[in-house]
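Trainee: I have a chain on my screen and would like to learn how to read it. Could you walk me through it step by step?

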Amino acid sequence: MSTTPRRITVTLNATEVTADAGQSVGAVLMGEGIKAWRTTRNEGKPRGLFCGIGACYDCLITVDGQPNQRACMVQACDSMTIEGDFDA
């Protein structure tokens with residue numbers, strides 16, 4: 001049995017990156033050095049992973065055209081499109 005994870009390709013705002021199958025979207029983003037991908041409505045403060053277990057909703061992102069997905073809870077899949085404000 002192989003211990004090497006299968007590699008997948010996802011698109012981050014039109015840029016293709018590779019990741020390990022089974023990672024959460026949040027883990028893919030953090031692996032690419034992206035720590036924030038949205039800002040708060042009123043003060044414009046950056047937000048990304050906070051709790052990592054789906055309780056806080058700080059990590060909301062658009063996945064395959066579906067807004068408000070929790071990056072920590074969505075498993076990254078091959079050919080997935082992930083959109084966010086990666087300059088947050």
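Mentor: Gladly. Let us begin with Leu12, which lies in strand 1 (residues 7-12); strands here are DSSP runs of E with at least two residues, helices are runs of H or I with at least four residues, and both are numbered from the N terminus. This is a predicted model, in which local features need pLDDT of at least 70 and side-chain atom pairs count only at pLDDT 80 or more, while totals for chains, interfaces and linings use all residues. Residues are numbered from 1 along each chain as its sequence is written, and side-chain values use heavy atoms, leaving out hydrogens and water.

Trainee: Is Leu12 buried or exposed?

Mentor: The idea is relative accessible area: buried means under 20%, exposed over 50%, partly exposed in between, with a 1.4 Å probe and protein chains only. Leu12 has 5% relative accessibility, so it counts as buried.

Trainee: Which residues is Leu12 in contact with, leaving aside its neighbours within four places in sequence?

Mentor: Contact means heavy atoms within 4.5 Å. On that basis Leu12 touches Val17, Leu29, Glu32, Ile34, Ile82 and Phe86. Look also at Thr81: it is 69 residues from Leu12 along the chain, yet their C-alpha atoms are separated by 6.3 Å. For the chain, take contacts between residues at least 6 apart in sequence: 40% of them join residues at least 24 apart.

Trainee: What is the order of the elements from the N terminus on?

Mentor: They run β-β-α-β-β-β-β-β, with one helix and seven strands in the chain. The radius of gyration is 13 Å, close to the 12 Å from the globule rule for 88 residues, so the chain is as compact as a globular protein of that length. That radius is taken over C-alpha atoms, and the rule is 2.2 Å times the number of residues to the power 0.38. Of the 88 residues, 32% count as buried.

Trainee: How many disulfides does the structure hold?

Mentor: A disulfide is a pair of cysteine sulfur atoms within 2.5 Å, and the structure holds zero. For Cys56, the nearest cysteine sulfur is that of Cys51, 3.6 Å away. Cys77 is in no disulfide either, and its nearest cysteine sulfur, that of Cys72, is 15 Å away.

Trainee: And what is the relative accessible area of Cys56?

Mentor: Cys56 has 27%, so it is partly exposed. Cys77, at 40% relative accessibility, counts as partly exposed.
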